[in-house]
Amino acid sequence: MNPLQGNIDDFGMDTISLAGPLEAKLQAVRAAGFGQIMLSARDVVGHPDGLDAAVQAVRASGLRVTGFQVLRDFEGLSGHLHDYKVDIAKSMLEMCAALGSKILLVCSSTSVHATQDLDAIAKDLRKLAMLAIPLGIQVAYEGLSWGRTINEFTTAWEVVSRADVPNLGLGLDSFHLFATQTPLDDLELLDPEKIFLVQLADFMWQEIRSVEERITTARHFRVFPRRGRAQRGAGRPGAPPARAGLPGRLQLRGLQRRLPADSAAGGGAARAPLGAVAGRGRAAPLGAAAEPDAAARARQRPVAIAYHWHCRTDFPRHPMKTALVLNGPNLNLLGTREPAVYGSATLADVEQLCEKACAAHGLKLDFRQSNHEGVLVDWIHEAGRLHAAGLLAGVIFNAGAYTHTSIALHDAIKGTGVTLIELHISNVHAREAFRHHSYLSPAAKAVMCGFGVQGYPLAIAGLAAMAV
């Protein structure tokens with residue numbers, strides 16, 4: 001095969017583009033000649049016979065699963081809203097793995113409850129990516145054109161870069177690129193190997209005047225590539241010359257009319273979009289103008305498909321490791337709780353100390369606090385998975401009063417085998433007798449106590465030394 005040509009098998013369709021039951025959608029996509037399918041969570045969780053039947057239908061179709069979508073409004077929340085979204089994310093990751101999908105698509109938040117702090121957003125995306133690592137799943141983050149804070153691929157790339165996790169990359173949707181009129185030459189700023197998913201769509205007009213119109217267009221007036229007006233307009237800002245090598249998996253979406261997935265007489269039908277796939281060997285590059293005559297089309301350089309549009313799976317062997325700093329009950333009261341014992345520094349001050357220490361030792365910081373024993377146990381389990389994957393240097397754990405009461409935390413540390421340093425701000429052995437016994441010490445690698453909040457950076461230094 002000519003390396004500048006490809007095959008329709010390298011394209012996939014989105015189940016959102018079709019109407020009907022899941023089995024009929026799969027059959028229609030397969031009958032049209034596509035080799036991949038992008039699955040919507042609604043098609044899976046809404047299956048009348050349950051999740052297992054949906055998984056079996058996908059496997060029986062013979063289609064490769066491009067990805068699973070879509071996790072919404074995940075990043076930037078706090079408190080119970082954050083915990084709720086983490087639970088949803090875990091469920092979606094489990095479904096993603098069951099379906100054999102290696103990509104979970106995440107759209108930028110539209111929630112007014114979410115912070116606009118890019119570092120906080122990056123921190124949440126890093127957490128999500130780490131949850132995905134044990135399952136072998138990549139997270140493709142897409143900037144919705146109506147996102148509250150992240151609404152262009154350039155800003156999405158900024159937070160992905162800040163998160164700095166090997167299995168976190170970008171999802172690019174041509175609709176959102178055209179809707180926001182982001183200069184396409186900004187694509188040159190991206191690391192090609194961090195583009196995990198590419199979705200192609202067009203729409204019926206060249207200009208969208210309001211956010212409300214943008215949402216309506218995205219949901220109801222999309223068409224397949226080269227069938228609308230947005231990609232035909234001359235003078236697209238920053239439109240680059242056509243070239244081979246756009247990475248990522250390719251997905252076709254068209255939502256103007258949901259194509260019928262007609263399973264009557266045992267057959268389904270879905271039509272490949274004209275102009276997007278020509279002779280099952282060529283694809284129109286993003287931003288390329290439509291050329292009506294055959295001679296002009298012959299002069300156009302085809303975009304590489306078979307050799308270039310694939311998802312990256314070979315991660316760097318030595319990614320920067322993370323130091324997980326866990327804080328137990330009542331440590332949110334630091335600064336006001338018994339300052340004669342614990343000092344005047346707040347928990348936020350402690351986090352800043354840890355940030356500086358991690359930066360000095362080439363580690364990334366994940367800093368958490370909870371008053372709930374079960375949450376802390378879950379975090380230790382998570383740490384064990386990350387440690388086994390080689391992504392975690394270890395845990396620094398100030399368990400507070402749970403140190404002296406929790407057999408469950410002892411069992412979690414011992415059961416996961418994670419490298420852990422037990423930490424106390426005060427010298428617990430010089431205080432009340434009930435504080436002298438620790439259930440954690442027998443399972444910990446080391447114990448740090450009595451140095452005040454400066455014990456945190458000292459413990460990070462020790463953890464870095466252990467990780468060498």
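Start by selecting helix H5 (118–132): H5 gives the most to the lining of the largest pocket, with seven residues. Helices here are DSSP runs of H or I with at least four residues, strands are E runs of at least two, and both are numbered from the N terminus. A pocket is an open set of points on a 1 Å grid over the protein atoms alone, where a 1.4 Å probe fits and protein lies on both sides within 12 Å along at least five of seven lines; lining residues have an atom within 4 Å of a point.

Before you click on, a quick note: this is a predicted model, where local features need pLDDT of at least 70, side-chain atom pairs count only at pLDDT 80 or more, and totals for chains, interfaces and linings use all residues. Residues are numbered from 1 along each chain as its sequence is written, and side-chain values use heavy atoms, leaving out hydrogens and water.

**The pocket**

Now pick Lys123, Asp124, Glu351, Asp366 and Phe367, which lie nearest the centre of the largest pocket, out of 32 lining residues. Helix H4 (79–98), helix H11 (347–360), strand S16 (364–369) and helix H12 (373–388) are among the elements that each give two or more residues to this lining. Colour the lining by type and you get 11 nonpolar, eight polar and 13 charged residues (nonpolar: Ala, Val, Leu, Ile, Met, Phe, Trp, Tyr, Cys and Pro; charged: Asp, Glu, Lys and Arg; polar: the others, Gly among them).

**Two helices side by side**

Next, show H4 and H5 together. At what angle do H4 and H5 pack? About 35°, with their axes 10 Å apart (axes are lines fitted to C-alpha atoms over the stretch in contact, and angles run from 0 to 180 degrees between N-to-C directions). Select His82, Val86, Ala89, Lys90 and Leu93 in H4: they meet Asp124, Lys127, Leu128, Leu131 and Ala132 in H5, where contact means heavy atoms within 4.5 Å. Those contact residues divide into six nonpolar, one polar and three charged.

Jump to glutamine 69 and valine 70, which are joined by a cis peptide bond with omega about -5°. Valine 70 sits in strand S4 (residues 64–71). Then move to aspartate 73, in the loop between S4 and H4; its phi is near 50°, a positive value in a residue other than glycine.

Last stop: glutamine 181, in the loop between helix H7 (174–180) and strand S8 (195–200). Phi of glutamine 181 is positive too, near 55°.
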